[in-house]
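Here is a short tour of one chain, starting with a single side chain and ending with the whole fold. Have the viewer open as you read.

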Amino acid sequence: GLAAYEEEDAPLFFGRSTLTEKLLSRMREGREVHGGFLGIVGASGSGKSSLVRAGLLPALRSAGAHGAGKAIALLTPSVHPLESLAEALLGTQSEESRLLASSLADSPAALRKWQQESAAGGRVIVVDQFEEVFTLCQEEPQRQAFIENLLNACEPGQSSTQGSACVILTLRADYYAQCARYAKLREALARNQEYIGPMNATELREAIEKPAAMGGWEIEPDLVDLLLRDAGHEAG
């Protein structure tokens with residue numbers, strides 16, 4: 001169905017290894033040029049959330065990968081994006097997270113300052129379903145503070161990346177127009193984004209056959225070919 005693969009599902013997540021490696025490479029090579037920002041854009045149902053949660057995050061945590069050893073904060077914006085961000089950064093809903101959310105609302109530089117003061121150093125902040133800042137959040141000041149804090153925290157051109165965040169966001173392609181209203185967000189997406197498409201036949205075959213093999217199942221001859229023909233070329 002529409003449920004995304006989660007990080008704990010990574011051992012069963014197949015078909016996106018090439019794209020995952022490409023994203024890791026873009027993060028490593030583009031750090032100095034683009035700052036710590038990467039946008040992952042695609043049609044609804046194209047697998048953005050699964051790619052990030054079950055593909056990119058496990059790769060980031062693995063030894064030697066970009067961001068290894070750093071804290072990773074994963075969130076969806078929901079109705080109150082500043083609260084969601086503060087809770088993801090601190091790992092809990094608490095008085096401290098409420099104070100951080102208030103600080104984020106007061107200053108567009110609050111997240112960068114908090115990053116620099118944090119004992120964990122630079123963090124990886126993953127905002128999945130970024131379009132929720134437009135579909136669920138109804139308060140423009142909060143929406144703007146959320147966007148500005150994220151972009152200031154990973155702003156390119158800093159003399160040092162110490163304390164700066166790496167921000168990864170996933171975005172449905174039909175929300176490009178809403179993003180364009182915010183100059184820094186528009187410029188960040190223009191600088192560094194990956195527009196993902198549907199998996200090709202080879203990747204889809206991998207996604208069907210490899211989990212089955214891990215479970216000790218055998219697939220009848222020609223069944224996968226039939227499945228691929230029936231599935232057609234739907235984006236989702």
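## A side chain that meets the backbone

Let's begin with N149: a polar atom of its side chain sits 2.9 Å from the backbone oxygen of L104. Keep in mind that this is a predicted model.

Where is N149 in the fold? The residue belongs to helix α7, which covers residues 140–153. N149 counts as buried because its relative accessibility is 0%, and the cut-off for buried is under 20%. Setting aside neighbours within four places in sequence, the contacts of N149 are L104, S107, P108, A109, A110 and L111.

Is L226 buried, partly exposed or exposed? L226 counts as partly exposed, because its relative accessibility is 37% and that class lies between the 20% and 50% cut-offs.

## The chain as a whole

Stepping back, the chain holds 11 helices and five strands. Of its 236 residues, 44% are buried.

If you count contacts between residues at least 6 apart in sequence, 74% of them join residues at least 24 apart. The chain exposes about 11900 Å², and carbon and sulfur atoms supply 51% of that area.

Note on methods: Residues are numbered from 1 along each chain as its sequence is written. This is a predicted model: local features need pLDDT of at least 70, side-chain atom pairs count only at pLDDT 80 or more; totals for chains, interfaces and linings use all residues. Side-chain values use heavy atoms; hydrogens and water are left out. Buried means under 20% relative accessible area, exposed over 50%, partly exposed in between (1.4 Å probe, protein chains only). Helices (H or I, at least four residues) and strands (E, at least two) are DSSP runs, numbered from the N terminus. Contact means heavy atoms within 4.5 Å. Accessible areas come from the Shrake-Rupley method with a 1.4 Å probe; for residues, only the protein chains shown count as cover. A polar contact is a pair of N or O atoms within 3.5 Å; within protein, one must be able to donate a hydrogen and the other to accept it, and residues adjacent in sequence count only if both atoms are side-chain atoms.
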